[in-house]
Amino acid sequence: MDRIAKIHPSIGIARLGNSEAADGFFVGPEVPMDAAQPTGGYRDSQKRLKRQGARFRVFLHETDASVRELTLDEADIVWTLEVANSKAAAERFHGVAEPSAGLRNATFTPRTLLTLAAPAASVTGPDQSADLVNQTAFMNFNLPIVLATAKTDAAGRLVVLSGFGKAGSPAGTPLDSPGSNFANHDGWFDDVCDGRVSATVTMRDGSPSPRVVSSWVISAPPKFAPTVQPVVTLYDTLRQVAIDRGLAQSPFADPAFKPSFTRDVYPILSRAIAVRWLWAPDNDPSPVAVFHNTLLAMPPAARDAIFTKLRKPASSPRLPGTGAGNMPRMWSDLYPDGKNGTLTPLQYRIMQEWKNGNFINDWQGPPPSDGAITPDGLDRAALESCVGAAFFPGIEASWKIRDQFAFIEPFRLDPGAIRPGDVTAQMSLPWQSDFLDCAFESGNVGQDLTWWPAQRPIDVRQTAGGPPISWARAFDNQADLTTEQMVVDWFRLGLILPAGDALLEHDRSD
């Protein structure tokens, strides 16, 4: 019988930072709903932003009921990392409902010089490290930037670190050159990447070595509100993908299933409540914020008031939601259509059951993390900190990961159907331009809609009772210099971190 091992998380998330200190990184979330902050904080002693690493582990699946992590105590593990950045060679970003807008750098040849790539790197044993340095003469320029670093920790697990946030145009092409827009700039590069994480395992007791199912890693921009999750996370979106494609069952396939308030309902409500610390719209506050002090004792009329505000998901994300609801207060993939986005169908059903009183009232406060590392937990923890909507284009990934890419099981991309660089190819080039631009815009009936406040805050507070101020204030009103300044000074922006019951701006490096 074929012995199988699997690498988890199925999709790991590394994030950019500009710290080059030996300890200038931390490992990203590994336990769901764990808001623990890294030891030593998010900046190094010189106020540079630390990189977030994605840590991978190998789990042996002996039976459905017997799954355990393989460690150096019983096996030799050789890790291999392959990454690339194919943004400059890809299609210009276009929305899911829009026709292709052609290629970036359409007239440049050979096209192979538009993909940043490094030779695959292998590491094994404890405390080893190898940088993956671009070897492509990008647009005929020497560009030896670090795309990623493959490290092993003291236990021999793989930690993938991103690049250092480098971006630019070797030929000096300005960001406002003809044909450029928020997400497409010919002649430019950045050091975001994605690719395959694989491993070979040799059992030390001489037993048959397992076949190891590979994983994927995405490097992405920093998350400046690191303890806040989007209302619709990438975990929610890819869970819906697994259900829709028959790779997983909806929990409602069991007629006896009732959502748990603690596990299923509270995360949706708490994410919506947290947005009030990241955005201060001029119009009325959301009903969730109004009721946030009474969530636990909320009467049916109050639950109904919140649910009525939700726009109903359509049968496909390529179609607009329905109904008069104006929440979540975020854009849909169909921008610039003025209608707001929606929860996933599964999230919406959970909220509907809560509204109807058909849920398990198991609330005893936010559940404390027991710190247990599990394969499913690693998958969820990595993805629930990422944007699952709106994909225009998104932060970590875009609509192709939902609509086009093949999966071999829930959350695990088909390594035979995609290549390193495919996942991030849709993203903004350089990432800083869209990241700065996408705060909020006027949507339906003149109401402002957000993009990704959990990643890119809009308004912040420095004290709990203080006035809201622009998070990107150093870049406001700078005319043509705004985005160029962001390319250089992105790491200086403040982090929004818990302070008692508030979320306040800290660690700004002006």
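With which side chain does the side chain of Glu409 make a polar contact? The partner is the side chain of Arg412, at 2.7 Å. A polar contact is a pair of N or O atoms within 3.5 Å; within protein, one must be able to donate a hydrogen and the other to accept it, and residues adjacent in sequence count only if both atoms are side-chain atoms.

This is a predicted model: local features need pLDDT of at least 70, side-chain atom pairs count only at pLDDT 80 or more, and totals for chains, interfaces and linings use all residues. Residues are numbered from 1 along each chain as its sequence is written, and side-chain values use heavy atoms, without hydrogens and water.

Glu409 sits in strand S19 (residues 407-409). Strands (E, at least two residues) and helices (H or I, at least four) are DSSP runs, numbered from the N terminus. Glu409 is buried, at 18% relative accessible area. Buried means under 20%, exposed over 50%, partly exposed in between (1.4 Å probe, protein chains only).

Now the backbone. Most residues other than glycine have a negative phi, and most peptide bonds are trans. Lys47 has a positive phi of about 70 degrees. Lys47 lies in the loop between strands S3 (25-27) and S4 (51-63) and is partly exposed at 46%. Met139 also has a positive phi, about 50 degrees. Its loop runs between strands S10 (137-138) and S11 (141-142), and Met139 is buried at 16%.

Two peptide bonds deserve a look. Thr109 to Pro110 is cis, with omega near -5 degrees. Tyr335 and Pro336 are joined by a cis bond too, with omega about 10 degrees. Pro336 is in the loop between H4 and H5.
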